[in-house]
Amino acid sequence: MSSVDSAIPHSRAPAAGHPVMVVGAAVLVLAFVLFTVMNAEYAATLFNGAKSFIASDLAWYYIGVVSFCLFLSVWLIFSRYGDIRLGKDSDRPEFSNFSWFSMLFGAGIGIGILFWSIAEPIYHLQGTPFITEAQQGTVAGAQVAMRVSIFHWGLHGWGLFAVTGLALAYFAYRKGLPLSIRSSLYPIFGEKIYGPVGHAADLLAVFGTVFGIATSLGLGAQQMNAGLAQLLDIEVSISNQVILIAVISVIATASVLSGINKGIRILSEWNMHLTVLILGCFLVFGPTAYLLGAFVTNTGDYLVHAVELGFWVDPDPKGQWQGWWTIFYWGWWIAWAPFCGIFIARISRGRTLREFVLGVLVAPPVLAAFWITVFGNTAMYIELFGEGGLVAAVNEDVTSSLFKTMELMHMGSLVTLLMTIVCVVMLVTYFVTSADSATLVICTLVCMGNDNPPARYRVFWGLAIGAVAAVLLFAGGLQALQTASIVAALPFSVVLLLAIYGLLKSLREEKAAASIARHSALHRRVELPGSEEPAAAVR
């Protein structure tokens, strides 16, 4: 059977972009920016109200969507669909496993984990709904803090990315449709995906991508500012962070103009090399035996409690912890899903469905768990068994947690300086990787699946993403960034559920058609006298 279903037409996406998508996406983002700048106080009130409503009334929905995606992705690995190739049956992967994993991790986590890998465990050490007041600041409380931190960066988020990316890669490379969100809706709406229905789905994806990535870039700029303050005594301020965003956005735009095989791939591989270097330094100069033991303990502890944590909804209607943390993360992951899904799909052509999902669910979560353990448990060791001071530092300025930890490791002034420089460089390279990947994805969406969009769109969206991040910082810093990700995720989550239905429907139809074709061929072989080819050879 042909790998491209004849019932689904080939892509008819215009190479230069559809006017509705090009203009509509730009107007949507520009309207938000102008509204926020011109009515900053009212905008903050409105956004915070929306965030509070979602955290209090829709927490169950976000938790249900993310958990469903994880269980679905695990089921797909063991299902009869696992051998389906994301492309023609003769296609093979374009990138090596190392390049593939590097781009997966750089696009999917990158700059965010640099920001939170120490700050989040230290926050949770001071209290979560899962520990008593007496356990706060103790070894038992620290273990729960690590469990929750790894949970927020682990399998649940990557299950979401796996399902989204799989739907996009399947319809683009197996069925010959545009590489865009609208294509996954074809089994439901048919040719209508090229009209208002498809435009709405892709515009929601652009909206989620812009504000999801802007959240990450805003966090990265804040931490980069803290690192430069440590190195060069530069003032930590919103204005300096906006300058950093502007400079890095220009670099990212230049990177995306060079294409995925040059700028993005090379930067992603450099990110991975720098990641290995900094993790190695923490292991060597930190409490090595403690960290290695903690990784084993953290992994087992997380796996034992992952399902329980994944389905937990705070029974206290006045509780705020889940809204501050889990719902923020799930909103952030959902907002990132179209961006990361399209990017993962773009670099995964030729892999089988099983290989794709296994790669996405295993490599990045394991590295994320190791990263959080190395950084987070180093901080825990200093706080619980060393001189302390990190709780106070994080509470005073969350962006300084990484650099304060390195200072308290007492590695010597030269080593500390070199590691600080490496971390600042990592922030820059991860910043650029996230920004140029998101720019490429948004341009692909506005061009209705064209994976080589015109340069003028890349320039516009590269700068537009930076502008949104800067506006969010002006609108209220970290709180505004968190609010943007949570709110942007809500409309896209509906599209995501429809896309999952479309994927499952098409997978079932493809297997059914293959089974009918196989039985028909077998039947013909039996009926044809003198056939020398055994029936078992018929595929």
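Visitor: How many helices and strands does the chain have, and what makes a stretch count as one?
Guide: The chain has 19 helices and zero strands. Both are DSSP runs numbered from the N terminus: a helix is H or I over at least four residues, and a strand is E over at least two. This is a predicted model, in which local features need pLDDT of at least 70 and side-chain atom pairs count only at pLDDT 80 or more, while totals for chains, interfaces and linings use all residues. Residues are numbered from 1 along each chain as its sequence is written, and side-chain values use heavy atoms, with hydrogens and water left out.

Visitor: What share of the residues count as buried?
Guide: Of the chain's 539 residues, 59% count as buried. Buried means under 20% relative accessible area, exposed means over 50%, and partly exposed lies in between, with a 1.4 Å probe and protein chains only.

Visitor: Why is Ala205 called buried?
Guide: Ala205 has 0% relative accessibility, so it counts as buried. Ala205 lies in helix 9, residues 196-232. Setting aside neighbours within four places in sequence, Ala205 is in contact (heavy atoms within 4.5 Å) with Ile181, Pro338, Leu445 and Phe492. Ala205 and Ala25 are 180 residues apart in sequence, yet their C-alpha atoms are 9.8 Å apart in space.

Visitor: What about His152, buried or exposed?
Guide: His152 counts as buried, because its relative accessibility is 0%. His152 is in helix 6, residues 139-152. Leaving aside neighbours within four places in sequence, His152 is in contact with residues including Glu120, His124, Trp321 and Trp333.

Visitor: Why is Asp233 called exposed?
Guide: Asp233 has 69% relative accessibility, so it counts as exposed. Asp233 is found in the loop between helix 9 and helix 10. Asp233 also has a positive phi of about 60 degrees although it is not a glycine.

Visitor: And what makes His410 exposed?
Guide: Its value does: at 57% relative accessibility, His410 counts as exposed. His410 sits in the loop between helix 17 and helix 18, and it has a positive phi of about 50 degrees although it is not a glycine.

Visitor: Where does Gly388 lie, and is it buried or exposed?
Guide: Gly388 lies in the loop between helix 15 and helix 16. Gly388 has a relative accessible area of 9%, so it is buried. Leaving aside neighbours within four places in sequence, Gly388 is in contact with Ile382, Glu383 and Leu408.

Visitor: Why is Arg351 called buried?
Guide: Arg351 has a relative accessible area of 2%, so it is buried. Arg351 lies in the loop between helix 14 and helix 15. Not counting residues up to four places away in sequence, Arg351 touches residues including Ile84, Pro93 and Trp100. Arg351 and Pro93 are 258 residues apart along the chain, and their C-alpha atoms are separated by 5.5 Å.

Visitor: At what angle do helix 1 and helix 2 pack?
Guide: Helix 1 (residues 19-38) and helix 2 (residues 40-57) pack at an angle of about 115 degrees, with their axes 5 Å apart. That makes helix 1 roughly perpendicular to helix 2. Angles of 65 to 115 degrees count as roughly perpendicular, under 35 as roughly parallel, over 145 as roughly antiparallel and the rest as oblique. The axes are lines fitted to C-alpha atoms, for helices over the stretch in contact, and angles run from 0 to 180 degrees between N-to-C directions.

Visitor: Which residues of helix 1 and helix 2 make the contact?
Guide: Helix 1 gives Phe32, Phe35, Thr36, Val37 and Met38, and helix 2 gives Ala40, Tyr42, Ala43, Leu46 and Phe47.
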